[in-house]
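Open the structure in your viewer and keep the selection tool at hand. We will go stop by stop.

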Amino acid sequence: MNLNSESLSWLNELQSFVDDFRQRHPVGDLDDLSDIEDEQRRISGGALIELFEFVQSPDVYDLFPKLEDQPLDQRAFVLACDRPGAAASRDVLDWESDQAIVVLEREWRAWVEAPQCDSDDAFDHHWEVWTTWHQQTEESWDLPSRDGDDFWVHEEGFAVADRAGRGSKHLWRWDDGSFSLEEQSIDEWVSRPDTD
């Protein structure tokens with residue numbers, strides 16, 4: 001990977017912002033996850049592996065021809081995630097890389113919303129992957145009725161260029177200390193700009 005100078009500068013600004021943010025809002029020990037976070041870490045890790053296999057395959061260029069002009073290896077990589085995703089990423093990513101950064105979702109949101117920061121909406125300097133867990137279900141979803149169970153949504157996806165990416169929400173049920181998949185891709189989207 002050889003980041004172009006603009007991408008490297010952009011990544012250094014993001015890293016500085018995240019370092020300052022973490023001084024005020026520590027991440028906490030990623031080895032000290034609750035039982036539910038540890039299961040989320042395991043599932044997130046599997047999703048990250050699948051996603052990286054896809055973006056490293058020739059298929060990504062077939063689906064997103066725009067990448068011929070904006071190669072992934074010339075732009076910074078950002079993983080925006082929650083604590084379980086960050087813990088999972090340690091087994092999948094090189095945390096010492098000077099071409100990638102792992103940020104918590106709240107850190108990424110603060111960066112994007114800060115007026116002095118370049119969120120790079122056009123994806124000139126970066127590409128991103130996200131994986132987060134939450135319990136925000138949609139009224140339009142036909143949820144199974146299960147007494148005493150908690151439903152969780154695993155939201156994951158990527159954006160490799162402007163209007164080029166995909167995202168999915170998967171419905172999981174937490175019961176008796178483990179997750180079971182209720183519905184794969186209960187909600188999903190794909191964006192591919194015209195190739196003209």
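**Stop 1: Confidence**

Start by colouring the protein by pLDDT. This is a predicted model. Its mean pLDDT is 91, and 96% of the residues reach 70 or more. Confidence is lowest in helix H3, residues 59-63, with a mean of 87. Confidence is highest in strand E3, at 97. Keep one caution in mind: where pLDDT is low, the coordinates should not be read in detail.

**Stop 2: Helix H1**

Select residues 5-24, which form helix H1. How far apart are its end C-alpha atoms? They are 29 Å apart. At 1.5 Å a residue, the 20 residues should span 28 Å, so the two values agree.

Next, select Ser7, Trp10, Leu11, Leu14, Phe17, Val18 and Phe21. These are the buried residues of H1. They cover an arc of only 125° around the axis, so they sit on the same side of H1. An α-helix has 3.6 residues a turn, so residues three or four places apart point the same way.

What covers this buried side? The cover includes strands E1 and E2, helix H5 (105-113) and strand E3. Now turn to the face of H1 that points away from the buried side.

Finish at the start of H1. A side-chain oxygen of asparagine 4 comes within 3.2 Å of the backbone nitrogen of glutamate 6.

**Stop 3: The largest nonpolar core**

Select Phe52, Val55, Leu79, Trp127, Val129 and Val160. Among the 26 residues of the largest nonpolar core, these touch the most other members. Which elements give two or more residues to this core? They are helix H2 (35-55), strand E1 (76-81), helix H4 (83-89), strand E2 (100-104), strand E3 (126-134) and strand E4 (150-161). H2 gives the largest share, four residues.

Zoom in on valine 129. Leaving out residues up to four places away in sequence, valine 129 touches Leu48, Leu51, Phe52, Phe77, Val78, Leu79, Ala80, Gly157 and Phe158.

Another core lies apart from the largest one. This other core has 20 residues, including Leu3, Ala76, Trp108 and Ala159.

**Stop 4: Alanine 47**

Go to helix H2 and select alanine 47. Is alanine 47 buried or exposed? Its relative accessibility is 18%, so alanine 47 counts as buried; the cut-off for buried is under 20%.

Note on methods: Residues numbered from 1 in each chain as written. Predicted model: local features only at pLDDT ≥ 70, side-chain atom pairs only at ≥ 80, totals over all residues. Heavy atoms only, no water. Core = buried A, V, L, I, M, F, W, Y, C linked by side-chain atoms within 4.5 Å. Buried < 20%, exposed > 50% of the residue type's maximum accessible area, 1.4 Å probe, protein only. Contact = heavy atoms within 4.5 Å. pLDDT = per-residue confidence, 0-100. Expected span 1.5 Å × (residues − 1). Arc of directions from axis to C-beta. Polar contact = N/O pair within 3.5 Å; in protein donor to acceptor, adjacent residues only side chain to side chain.
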